[in-house]
Amino acid sequence: MGLRAVSSPPTRTFPNPASINVSSQSRLSLPCRRRRDICVSIIQVKSFISCNCDKGSMAASEENSSLFPIFILTIMAIPIVPYTILRLSRAFTRKTKSIHCQCDVCSRSGKYRKSIFKRISNFSTCSNLTLLLLWVIMGILVYYIKHISREIQPFEPFSILGLEPGASDSEIKKAYRRLSILYHPDKNPDPEAHKYFVDFISKAYQALTDPISRENFEKYGHPDGRQGLQMGIALPQFLLNFDGASGGVLLLGIVGVCILLPLLIAVIYLSRSSKYTGNYVMHQTLSTYYYFMKPSLAPSKVMDVFIKAAEYMEMPVRRSDDEPLQKLFVAVRSELNLDLKNIKTEQAKFWKQHPSLVKMELLIQAHLTRESTLLSSSLLNDYRRMLELAPRLLEELVKIAVIPRSPHGHGWLRPAIGVVELSQCIIQAVPLSARKATGGNPEGIAPFLQLPHFSESTVKKIARKKVKTFQELRDMTVADRVELLTQFAGLSDNEARDVEHVLEMIPSIAVDITCETEGEEGIQEGDIVTMYAWVTLRRGNSLIGALPHAPYYPFPKEENFWLLLADPVSNDVWISQKVSFMDEATAIAGASKAIQETKESLGASVKEISAAVREAVEKVKSGSRLVMGKFQAPAEGNYNLTCFCLCDAWIGCDRKTNLKLKILKRSRAGTRGHVAEEGPTADEGIEEEEEEEEEEYDDYESEYSDDEDDEKEKKGKVANGIANKKEESTPEGSGSDDK
């Protein structure tokens, strides 16, 4: 409620004199008119005395009623106007440069098509419609306030009589007689004329003919003299009548707004937060993933854990879906890793699983094999819902895999890589079996199948021309590649142009990683080691942040990268962090803050700090991201680590960087402290069974699943215990060198 000090003259709502019919009874003789004027004047004096006592209360009532919409309009305008300006400024300053794939396949998918229906749907979001409704309400309030401001006018005697301020008594009497002829009840039978004459003309005449009233009006603006301070409450008049039901309405309003509404919001928030995490993933899903995650989880077995999400288990299983699922099973049976020797037993075992698990696995395989045309309308809705939830579930599954569980606080590498590879296959709609090494190609044909118009036969055709790996295709010149695709692979010129568009979208990653102990020479056991990794992204079309080519994935998907510093031999992940190239402003702020804090801890001058921050900002703007992490140095020895930079949307652009880390024996006094572990660890009181028996799977092996014993590593640079190793191109990796 708002309070307003009122010292102005009382207000009255009066009709427009022009709208009152003027009677023709002004033809009466003058003596008759004078006698009637005297009688009416007596009546007017009595009326003035009886009405003047409640004049202030009525005016205050009308003033209070007019304050309420003004108060509501002010409260609404304070947040709405700045928020609207911010939204409009963001909309007009938004980059018009397209960041999605421009090939014909993506265009035909309609995912990025800006039709009139999509524009309406993009505009008709909940926030936009709410904002529009609030502006409509504000417009109605402005119109209402403007309307009542015309009706409620201050009591101006001179204006009512049609005179200028300071008119003489004779002029006042002449004006009064003239208006009496027009509006007197005896001469004008119009009820509005009678009301106007009694309420305004006669009162204005009385206020100006009495010397004391006129002097008070000219000095203080009121016939009664100086007025005291009046307080107005910005509430409707019916709520201020505390007698009867109005008091109950006001009480219920106060209780509802101040108590019930916050309580309702709190209940909704707590009920939702108790079921979902901040990433809108159910807590039950995280518990399930944590339970089934194992350090020896093969990449093909990640699917079995992924489909156990509570969101998928809650999807309905209908009897009408049995026949379409049976047909789908026949189409994707080769991708289910069934033992062909005991196919009947394997099929019976597969159908004995929980119906939701069977349904989800078949839907995912239908997407990977691009057989979604076999789905019914009801299954198609479940299929889209499954794909919509997949990115956030896979992200949480990666986090579960790298949660520190070992005694040294390390996560697990093999399942983390398997989850990222599954994410790549789902986004690109490529079957997992396509990742099997074939014909001397450790990557398989999966990277080729993400290109438009490519199939297994196309890959075999270009393999005859000694182009067996995806990197070899990328390293070719544009002219040679177009000639290969058009003359030998059987693609048309337009199809070859689509391939070039996609190859320009595929990122090339470079990683420059350094591990050191701040302020010390060398790394000794027990030290707190800081990892600095600059991840640089380059594309053929010069974009930094972009949406991947994914025509079979029906939703826009941002590409994200996972940086894992791990020991492939022990299957331990030392540091893990998600990297995004979409938000440049956040990356600049994070890199500047990290560099500034590091330099300040080393005692650098202000000039040196400013130079380092400027250099970091330039790196970020040119397409680099700074990744920092801390870990506690292990026992003395040499450690062959590998930095994995894995993309969750593209196949074939991952990068491996070898890093040799030498830990010296503790020679300095004291300890370096303890590195806080991120995330929950395994409960100490629970014994966890680890199966050491190796299982043989008839599926693909991840390109990162080897222990790399046979790999010939290049000698790293190790000096004074400080490891600084730049990226190396390895034949096993699916990554590619920068062009």
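The dialogue below takes up confidence, helix packing and sheet architecture in a predicted model.

Q: What is the mean pLDDT of the protein chain, and over which residues does pLDDT stay under 50?

A: This is a predicted model, in which local features need pLDDT of at least 70 and side-chain atom pairs count only at pLDDT 80 or more, while totals for chains, interfaces and linings use all residues. Residues are numbered from 1 along each chain as its sequence is written, and side-chain values use heavy atoms, with hydrogens and water left out. pLDDT is the predictor's confidence in each residue, from 0 to 100; the mean for the protein chain is 77, and 73% of its residues reach 70 or more. Over residues 1-14 the pLDDT stays under 50, and the model has 52 contacts (heavy atoms within 4.5 Å) beyond four places in sequence for them.

Q: How do the axes of helix α7 and helix α8 cross, and which residues meet?

A: Two packed helices are described by the angle between their axes and the distance between the axes. Helices (H or I, at least four residues) and strands (E, at least two) are DSSP runs, numbered from the N terminus; axes are lines fitted to C-alpha atoms, for helices over the stretch in contact, with angles from 0 to 180 degrees between N-to-C directions. The axes of α7 (residues 169-183) and α8 (residues 191-209) come within 11 Å and cross at roughly 170°, which means that α7 is roughly antiparallel to α8 (angles under 35 degrees count as roughly parallel, over 145 as roughly antiparallel, 65 to 115 as roughly perpendicular and the rest as oblique). Among the residues that meet are I172, Y176 and L179 in α7, with F197, I201 and Y205 among those in α8.

Q: At what angle do α12 and α18 cross?

A: The axes of α12 (residues 283-292) and α18 (residues 377-401) come within 10 Å and cross at roughly 45°, so α12 is oblique to α18. T285, L286, Y289 and Y290 in α12 meet L393, E396, L397 and I400 in α18.

Q: What is the order of the strands in the open sheet, and which stand at the edges?

A: Strands of a sheet pair through backbone hydrogen bonds, either parallel or antiparallel. Here five strands, with antiparallel pairing (at least two DSSP bridges between two strands), have the order β5-β9-β8-β11-β12. β5 (411-412) and β12 (655-663) are the edges, each with a single partner strand, so one side of each is left without a neighbour in the sheet. Strand β8 (residues 560-567) pairs with β11 (residues 637-647) over six bridges, and F561 stands opposite C647 in β11. Helix α18 lies across β5, β8 and β9 (572-580), running at about 15° to β8.
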